[in-house]
Amino acid sequence: MKSDLEKNLRDVIESAICFAPPSKALIVFDRDSELASLLTDAYKAVIPEATMIDFNATTPDIIRSTIDELSPKDLVILVQSTSFRLNEFRFRLELFNRHLATIEHPHVGRMLGEEQETYIDALAYDAVYYRRLGPELKRRIDKAKRIVLHGPGVELVYETAFEETKLNIGDYSGMKNIGGQFPIGEVFTEPVDL
């Protein structure tokens, strides 16, 4: 599990985020859950030069001042058993406003037992697959007037067009922000007429 996790995170960091030195990395973490500890240790193994801050062992002022030292395109990784709060400092949005690449793992303390393995598997990143399949699904959904989802012994039929499809596939080219909540791989929308 440990080697799979490190490989998955390395692929995300290198292929989706396109992070590489001399850019700096900051990992803000807690160890309030097993999965948070696993993720933290794996990130440290993948980016050994990263600055590490234990959220529970420091103050909001120290976290803010460390972030103030970063430059646009540097990487901030948030590993949260629940969700970090720094008063009115909204982490991910503030990081994006500073043009920092961001990987956020919120609420990982909810994952127990086999769910942890599923979460780790979901972090696997195949850039070729996502970047080929995602846009093709978007193209088909955006032009569809009717969509049918087939399940065991049941069908869900949408007799309407859909809102413009959004992609969360780890291709941030041409986008203002780099990163977001992980795992990624989503192609999502909703019907125009619910």
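**Group meeting talk: a predicted chain, helix by helix**

Start with Asn8. Leaving aside neighbours within four places in sequence, Asn8 is in contact with Ile120, Asp121, Leu123 and Ala124. Contact here means heavy atoms within 4.5 Å. Asn8 itself sits in helix α1, residues 2–16. Asp121 is 113 residues away along the chain, yet the two C-alpha atoms are separated by 7.9 Å. At 7% relative accessibility, Asn8 counts as buried. Buried means under 20% relative accessible area, exposed means over 50%, and partly exposed is in between, with a 1.4 Å probe and protein chains only.

Some ground rules. This is a predicted model, where local features need pLDDT of at least 70, side-chain atom pairs count only at pLDDT 80 or more, and totals for chains, interfaces and linings use all residues. Residues are numbered from 1 along each chain as its sequence is written, and side-chain values use heavy atoms, with hydrogens and water left out.

Now the whole chain. It has six helices and nine strands. These are DSSP runs, numbered from the N terminus: helices are H or I with at least four residues, strands are E with at least two. The C-alpha trace spans about 55 × 35 × 35 Å along its principal axes. Of the 194 residues, 40% count as buried. Take the contacts with a separation of 6 or more: residues 24 or more positions apart account for 73% of them.

Which residues of helix α5 are buried? In α5, residues 114–122, they are Gln116, Tyr119 and Ile120. They cover an arc of only 100° around the axis, so they sit on the same side of α5. The arc is taken from the directions from the helix axis to the C-beta atoms. The face turned away from that buried side carries exposed Glu114, Thr118 and Asp121.

Next, helix α6. The helix runs over residues 127–143, and its 17 residues should span 24 Å at 1.5 Å a residue; the end C-alpha atoms are 24 Å apart, which agrees. The expected span is 1.5 Å times one less than the number of residues. Its buried residues are Tyr130, Gly134, Lys138 and Ile141. Down the axis they fall within an arc of 75°, so they line one face of α6. What covers them? The cover includes β5 (147–151), β7 (166–168) and β9 (186–188). On the face turned away from the buried side are exposed Val128, Arg132, Arg140 and Lys143.

One stop in helix α3, residues 60–68, where Thr66 lies. Thr66 is buried, with a relative accessible area of 16%. Not counting residues up to four places away, Thr66 touches Leu26, Thr51 and Ile53.

Finally, the loops. Pro21 and Pro22 are joined by a cis peptide bond, omega about 15°. Pro22 is in the loop between α1 and β1 (25–29). Cys18 is found in the loop between α1 and β1 too. Cys18 is not a glycine, but has a positive phi of about 60°. At 57% relative accessibility, Cys18 counts as exposed.

Phe182 and Pro183 are also joined by a cis peptide bond, with omega about 10°. Pro183 lies in the loop between β8 (179–181) and β9.

Last one: His107, in the loop between β4 (101–105) and α5. Its phi is positive, near 60°, in a residue other than glycine. His107 counts as partly exposed, at 28% relative accessibility.
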